[in-house]
Protein chains: 2
Amino acid sequence: MGETGTVPSLEHLKDAARRISSHVIRTPLLEDYRLNEILGCRALVKAECLQRTGAFKIRGALNKVFWLAPEVRKKGLIAFSAGNHGLGVAAAARIAGCTAKVLLPTTATETKIESCRWWASEVLFYDPEKDDREVIGRKIAEQHGLTLIQPFDDFQVVAGQGTVGLELCEQAIEQKARLDAVFVNCSGGGLSAGIAIALKTTFPNAVLYIVEPQSLEKMGRSLISGRPERNPVNPKSIMDAIVGPRVGSIPLSVLRQHQVRGVSVSDQEVLAAMSLAFKLLKVVVEPGGAAALAAVQSKKVDLRDKTIGIVCSGGNVDSKLFARVLVEGQIN
Amino acid sequence: MGETGTVPSLEHLKDAARRISSHVIRTPLLEDYRLNEILGCRALVKAECLQRTGAFKIRGALNKVFWLAPEVRKKGLIAFSAGNHGLGVAAAARIAGCTAKVLLPTTATETKIESCRWWASEVLFYDPEKDDREVIGRKIAEQHGLTLIQPFDDFQVVAGQGTVGLELCEQAIEQKARLDAVFVNCSGGGLSAGIAIALKTTFPNAVLYIVEPQSLEKMGRSLISGRPERNPVNPKSIMDAIVGPRVGSIPLSVLRQHQVRGVSVSDQEVLAAMSLAFKLLKVVVEPGGAAALAAVQSKKVDLRDKTIGIVCSGGNVDSKLFARVLVEGQIN
């Protein structure tokens, strides 16, 4: 399929699934009866933290990398990222047999730096308070003839992330569930947009809740203003994966066409959600990846008698922060 | 199928799968490239810690409970257990619409007690240093007309646990892997025996390694002596799930017919394996459930160029012990 429209369609998501499915894990859709009781609804949790490289980002990266012409791909790739997209691109490059440089903020978590060093050909750093990562990324790409893989404002990347939504819908049907709503964390919007496209056909009446860190609701504000809004450059949040500076134009276009509502969560609510996932689901979720579960657990929305999907998008969390979860997360 | 032989066959495992599959999670078979490098082989990890109730035990319990005549089941069930089998029986009872009492040791972990209290109709305690849990269990069963569900020495329970092995083989084939060996933790032997039966047909040359706590190798000794050996009554080990007093006769009969080798692991090796699962696989594994991964990680067996299956059988671990994993587990 070509890119005839400005935003991906369901067919583009299906193409992506065909391209990447033998290289990604079909992560389970977990249901726990105790969790349902605590959340006050039937909750199906897409444990995407179990994905290769510990986050969903490898899906979009693989779809983009396989879509590139072999002679372009061969010259090498570059990505800027808080960590998970860099990991996804570096892993996709290795799988496709090419190289990738990854540009990380100096504030990246230890586990993401360590993992990027394993996967990437080279890891570079930028200062998130002073540097514009997009400018640096483009410069290095131009200088070395590399292809810059955008983290969210890319047609094929959004289509790849949408495979999370395809699987979520398929697995919900397998489990005889009709989804009334889906909760997903949001930063640039690639994952949320991909899921919105998948939901539209299978569960057209399902509401998509996008979850952001408190005071850093750039997508929530963008959906109201109708144009891409920005976050402050020095965000204070433990949710490192979802505090990026801007939202994507492609994701925003997609999300404006759907029934989307914005919710925000605090660091404390996220620690509690990570603890709940540890105790009941036995999965390790990173702060940004636990935002959607946190929104449901802290009862931001009335969900009585509803069946919902919750995406836990990543699990790349440092031991030190996880130790805080084990102590501070026990609010129930 | 009836129980014509003394031990279950592949057909009995398939019957079990048909009975229970809509009530259990088809847990993923995870592969991580960094993990492969660390372990020095291709490792496919069956993340059975993600199973409902946090352990594989619900499979055997459900198969037994659905196999019971409805009028028998209706009178109620009882199980004795270090926790996971009790949880499995209590959950199976709820799913089948009957009641279950669970008999736990006073030394059971907090998380197992808490979870049993949620699932079971009643939780009772015994002193593992003084009481014989089998005698108490039988007495209560007789007094109240309940059916005692044995944790491992039961034809239908072994067949149910074997569904872990069926899935492991199916998923390995889906991932184009030919298994040279499978590592699984062992106590009474129900899980190991079930897996042995499943392996035999699909990967007849695969060696089954059963992993036990150091100095508590009752199955290893039983396989040598040819009769059921016992553990001391006051075992010192963090692997609470696999320190039970005796092995099962049915499991021992099964295991003696297969190519089985015994390996043992220390508490420290298990903490390291739990840390590895946290860091690379993003799953929470309990000490007993991490024994097989620990055996591979600590290079007990030469596995160069091999493709292996590793079962992580449960994830019911207290926060306090997991905090130790985050600190003490970092031996690499």
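Modeller: In this predicted model, chain A contains an open sheet of six strands, which follow one another in the order S1-S2-S10-S7-S8-S9 with mixed pairing. Strand S1 (29–30) and strand S9 (260–265) of chain A lie at the edges and have a single partner strand each, so one side of each is left without a neighbour in the sheet. Further in, strand S7 (residues 181–185) of chain A runs parallel to strand S10 (residues 307–312) of chain A, and three bridges join the two; within this part of the sheet, Val182(A) stands opposite Gly309(A) of S10(A).

Helix H9 (residues 190–202) of chain A packs on the sheet, where it touches S7, strand S8 (207–213) and S10 of chain A, and the direction of the helix makes about 160 degrees with that of S7(A). Helix H10 (residues 218–225) of chain A also packs on the sheet, but its contacts are with S8 and S9 of chain A, and its direction makes about 125 degrees with that of S8(A). Strand S8 of chain A is thus touched by helix H9 and by helix H10, while S9(A), one of the edge strands, is among the strands that helix H10 touches.

Definitions and conventions: Residues numbered from 1 in each chain as written. Chains lettered and ligands numbered in written order. Predicted model: local features only at pLDDT ≥ 70, side-chain atom pairs only at ≥ 80, totals over all residues. Heavy atoms only, no water. Pairing = 2+ DSSP bridges. Helix = DSSP H or I, 4+ residues; strand = E, 2+ residues; numbered from the N terminus. Contact = heavy atoms within 4.5 Å. Axes fitted to C-alpha atoms, helices over the stretch in contact; angles between N-to-C directions.
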